[in-house]
Amino acid sequence: MLTLLTCLDDTAGDRLIQQISFAGHDIVARLDTAHDLVSAIRGRTPDGIVVSATRRHLTLDVLAEADDAGIRMVAVAADDAERRYALSLGLFEVVDARASWNDIEALLRGGVAVPRAPSPDGEVGTVIAVWGPAGAPGRTTVAIQLAAELAFRGRTVALVDADTYGGAIAPSLGMLDESPSFAAACRLASRDSLTLAELERIASRYTSPRSAFWILSGIGRASRWPELGADRVTTVLSTCRQWVDYVVVDTGFNLETDEEISSDMFAPRRNAATLAALRQADRVVAVGSADPIGLSRFLRAHVDLLEQVETAEISVVINRLRASSVGSNAQHQVQQTLGRFGGLDDAVFLPLDTAGVDAAVLAGKTVLDAAPRSPVRTAIAQLVDRSIIAPSPLGTSRREARQAARQEQRGGPLQMLRARRLG
C-alpha cells in the first residue's frame with residue numbers, strides 16, 4: 001500500500017482518487033494549491049505525490065520540497081501546454097490526464113535506484129570540463145564542437161550544460177522548446193533515483209549524418225541555480241561516466257566560493273556546479289579570448305583555476321585569434337603574452353571564423369555539420385586527435401579498450417605513466 005498526497009484539478013481528480021482508493025492505497029491529504037502542497041510535504045513523508053501540471057498546483061517550490069524529502073512525484077497533464085510546463089520545471093514523470101492509475105503507480109514505484117557498478121573491465125568514461133573567464137570567450141561553442149568531434153570519431157558522448165548563469169547549449173543547437181534535463185538529473189540524484197535508464201529517458205539527442213550525442217540541457221532561467229548543488233552535480237557526472245565514453249561539461253565562468261560573504265555556511269553556492277564539475281574533470285579545456293581584455297581576464301582567472309582543479313591535464317584554448325586585435329603575427333604575439341605572464345607555452349589557437357560559427361547557430365547545428373571545412377572545426381579536430389584521444393596502448397574506444405585489456409591480461413600488466421603538465 002502506498003501513502004499519497006494529491007493536488008489535482010477537477011478534470012482528473014475525482015476519477016483518479018476513486019481508482020487510488022479502489023487499489024487499496026491511502027490518500028493522506030487532498031490539496032487544492034501548490035502552497036497547500038508545500039505545507040503538507042513539510043508535515044508528512046508520503047510515498048508519492050500526484051499533482052496536476054498547472055501553475056496552480058505545481059511550482060518550483062513544490063519540486064524543491066519533494067526533492068528535499070526524497071518523495072517521488074508524478075504530474076498529470078490535460079494537454080500539451082501543461083506537459084510542456086511540467087517539463088520546463090524539470091519534472092519528467094508526466095502522464096496524460098486520461099491515463100489509468102496503473103500507469104501512474106508504475107512511475108511512482110519506478111524511483112528505486114539500481115546500484116551503479118563499473119563495467120566488467122573496470123572502465124569509466126572521461127569527464128572533460130570546458131571553462132573560461134567572464135566575457136563570453138566561447139566556452140559553449142568549444143564544448144559543442146568537442147562533443148561533435150568525439151562523436152564523429154565513434155565515441156559515445158554526453159554534452160552537459162552546467163552553467164548556473166544561464167544555459168546556452170540547447171538554444172545553440174536549435175532546441176528552443178527544451179526542458180532543463182540536467183536539473184532533472186540533479187533532482188533524481190538528490191533522491192538516489194538516477195540510473196542509466198533515467199538518463200536516457202530525460203536526455204535529448206542531437207543526431208546528424210556526421211555525429212550524434214546526448215544532451216543534458218541547462219537551466220533557462222538563472223534563478224534556478226539552487227537546483228544544481230555540488231553533491232547533485234557530482235553524482236550526475238559520476239553516473240554519466242558509466243553511461244558514455246566522454247562527458248563534456250560546459251561550466252560557468254565564476255570560481256568564487258562565496259564562503260566569506262555568506263553568513264550561512266551551509267547555504268547553497270551559485271558556483272558550486274562549476275567547481276564540482278572542475279573537480280570531477282579528468283581534463284579541463286580552458287578557453288580564453290585572443291584580445292587584450294580577454295587575455296588579461298584569462299591570465300588572472302587561470303591562477304584561480306589551478307587552485308580548484310584536481311587534474312594536471314589542462315588544455316589552453318585561445319579563441320577568435322585575429323591580427324586586428326593584437327597586431328601582425330597574431331599567434332606569436334599571443335603566445336609571447338601567455339608565456340611571459342602565465343608560463344603557458346602549449347596553447348591551441350582557434351582563428352576568428354564568424355562565417356562558420358554563425359552558420360552553425362543559424363542552422364541550429366554543430367560547426368561540424370554546418371561548416372565542415374571551417375578553420376575553427378579543423379583546429380578543434382586537431383585538439384581532439386592530438387590531446388584527447390591520441391592513440392594509446394589501450395585503443396581508442398571502449399570496445400577496443402576491452403580487447404586491448406584482455407590481450408594485456410594474457411601478456412602481463414600494462415604500466416601507464418601520465419605526464420604532469422604544469423600551467
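**Notebook: a predicted chain, looked up piece by piece**

I began with the contacts: of those in the protein chain with a separation of 6 or more, 73% join residues 24 or more positions apart. By contact I mean heavy atoms within 4.5 Å.

I note that this is a predicted model, where local features need pLDDT of at least 70, side-chain atom pairs count only at pLDDT 80 or more, and totals for chains, interfaces and linings use all residues. Residues are numbered from 1 along each chain as its sequence is written, and side-chain values use heavy atoms, with hydrogens and water left out.

**Entry: the whole chain**

I looked up the elements next. The protein chain has 18 helices and 13 strands. These are DSSP runs numbered from the N terminus: helices are H or I with at least four residues, strands are E with at least two.

Then I looked up burial. Of the 423 residues in the protein chain, 52% count as buried. Buried means under 20% relative accessible area, exposed means over 50%, and partly exposed lies in between (1.4 Å probe, protein chains only).

I also took the accessible surface, which comes to about 19,400 Å² for the protein chain. Carbon and sulfur atoms hold 49% of that surface. The areas come from the Shrake-Rupley method with a 1.4 Å probe; for residues, only the protein chains shown count as cover.

I turned to helix pairs. Two packed helices are described by the angle between their axes and the distance between the axes. Axes are lines fitted to C-alpha atoms, for helices over the stretch in contact, and angles run from 0 to 180 degrees between N-to-C directions.

α2 passes α3 in a left-handed crossing. A crossing is left-handed if the near helix is turned anticlockwise from the far one by less than a right angle, and right-handed if clockwise.

Which residues of α2 and α3 make the contact? From α2 I listed A34, L37, V38, I41 and R42; from α3, D61, V62, E65, A66 and A69. By class, this contact of α2 with α3 has 7 nonpolar, no polar and 3 charged residues. Ala, Val, Leu, Ile, Met, Phe, Trp, Tyr, Cys and Pro count as nonpolar, Asp, Glu, Lys and Arg as charged, and the others, Gly among them, as polar.

**Entry: α10 and α11**

I moved to α10 (residues 230–241) and α11 (residues 272–280), which pack at about 35 degrees with their axes 8 Å apart. α10 passes α11 in a right-handed crossing. A230, V233, T234, L237, S238 and R241 of α10 meet A272, A273, A276, A277 and Q280 of α11. By class, I have 7 nonpolar, 3 polar and 1 charged residues for this contact of α10 with α11.

**Entry: α12 and α14**

α12 (residues 292–308) and α14 (residues 330–342) pack at about 30 degrees, with axes 11 Å apart. That makes α12 roughly parallel to α14. The crossing of α12 and α14 is right-handed. L295, F298 and L299 of α12 touch V334, T337, L338, F341 and G342 of α14. I sorted the contact of α12 with α14 into 6 nonpolar, 2 polar and no charged residues.

**Entry: α8 and what follows**

Is α8 mostly covered or mostly open? I found it mostly covered, with 9 of its 10 residues buried. F182, C186 and L188 are among the buried residues of α8. The cover over the buried residues of α8 includes α3, β4 (72–77), β7 (157–161), α9, β9 (212–216) and α10.

Just after α8, I came to D192, with a positive phi of about 55 degrees. D192 sits in the loop between α8 (181–190) and α9 (196–202). D192 is partly exposed, at 49% relative accessible area. Most residues other than glycine have a negative phi.

R320 belongs to strand β12 (residues 314–321). Its relative accessible area is 28%, so R320 is partly exposed.

**Entry: H25**

My last stop was H25, in the loop between α1 (10–22) and β2 (26–31). H25 is buried, with a relative accessible area of 10%. Leaving aside neighbours within four places in sequence, I found H25 in contact with M1, L2, L4, I20, W101, E105 and R109. The C-alpha atoms of H25 and L4 are separated by 7.6 Å, and the two residues are 21 apart along the chain.

Note on methods: Parallel < 35°, antiparallel > 145°, perpendicular 65-115°, else oblique.
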